[in-house]
Amino acid sequence: RRVLFRSIRIARYVAQWNLMGERGGGADARGDYREKFEAWLIDVSRLGLVPDIGLTSYEGSYPVSVGEYGASLRLLLARARAMGHPVPYVEAWNEPYNQGAQTALRAAQLTNSADALCRDGYACTVVAGNLEDSPAVAGYEREYEKALDFRPAIWGVHPYYSVELDRKSKR
């Protein structure tokens, strides 16, 4: 393994939540998500980077239940491990408050499910939240945090608003 970028350690990939259920071979109308994910894992490994996977819905389909979500994530983590590229960081749902279109309770349930899988043999750490830093997200975040079954070691924040405000203040 060689590290191409000394200052970059983690490579993040946001993928379709049910990508492991694709038939494969490029015939699936959903976009070959599984093949793209597997190619990304190989590339990340070759670059000596640590994979971080976030799940979402790009096509408007959502897990019917937390169990369906957990089963899909389990398949993804098992596939990555079988390929020799285990995923040490999992973001249960990307931007659940906005792009991910999940209630705070549902986002917390998905995060709890991911944490349970990580502790159940997949040796990963959940990156909680993955919230956009919009002015209205504070109440959502409090509701989300209350519904978590564990105390996250890592929180993810997408600083779109902060970056934009900083740009405006420098003009």
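**Group meeting: a walk through the chain**

Okay, let's start with contacts, meaning heavy atoms within 4.5 Å. Among contacts between residues at least 6 apart in sequence, 76% join residues at least 24 apart. Before going on, the ground rules: this is a predicted model, where local features need pLDDT of at least 70 and side-chain atom pairs count only at pLDDT 80 or more, while totals for chains, interfaces and linings use all residues. Numbering runs from 1 along each chain as its sequence is written, and side-chain values use heavy atoms, with hydrogens and water left out.

So what does the secondary structure come to? Five helices and five strands. These are DSSP runs, numbered from the N terminus: H or I with at least four residues for helices, E with at least two for strands. Going along the sequence you read β-α-β-α-β-α-β-α-β-α.

Now the sheet. The five strands form an open sheet in the order β1-β2-β3-β4-β5, with parallel pairing; strands pair if DSSP finds at least two bridges between them. β1 (10-16) and β5 (154-158) are at the edges with a single partner strand each, so one side of each has no neighbour in the sheet. From one strand to the next, the twist averages 25 degrees. Angles here run from 0 to 180 degrees between N-to-C directions, and axes are lines fitted to C-alpha atoms, for helices over the stretch in contact.

Helix α2 (residues 66-82) lies across β2 and β3 (89-91), at about 155 degrees to β2.

Next, M83, in the loop between α2 and β3. Setting aside residues up to four places away in sequence, M83 touches E38, L41 and I42. M83 and L41 are 42 residues apart along the chain, with their C-alpha atoms separated by 8.6 Å.

On to burial and surface. Of the 171 residues, 46% are buried, where buried means under 20% relative accessible area, exposed over 50%, and partly exposed in between (1.4 Å probe, protein chains only). The accessible surface of the chain comes to about 9100 Å², and 53% of that belongs to carbon and sulfur atoms. Those areas come from Shrake-Rupley with a 1.4 Å probe; for residues, only the protein chains shown count as cover.

Last topic: salt bridges. The rule is a side-chain nitrogen of Lys or Arg within 4 Å of a carboxyl oxygen of Asp or Glu, and the count is six. R119 and D115 make one at 2.8 Å, N to O. They sit four residues apart in helix α3 (residues 104-122), so about one helical turn separates them. R119 is exposed at 62% relative accessibility, while D115 is buried at 8%.

R34 bridges to E35, with the closest N and O atoms 3.5 Å apart, and to E38 at 3.8 Å. E38 and R34 are four residues apart in α1, so again about one helical turn. R34 is buried at 16%, E38 is buried at 15%, and E35 is partly exposed at 24%.
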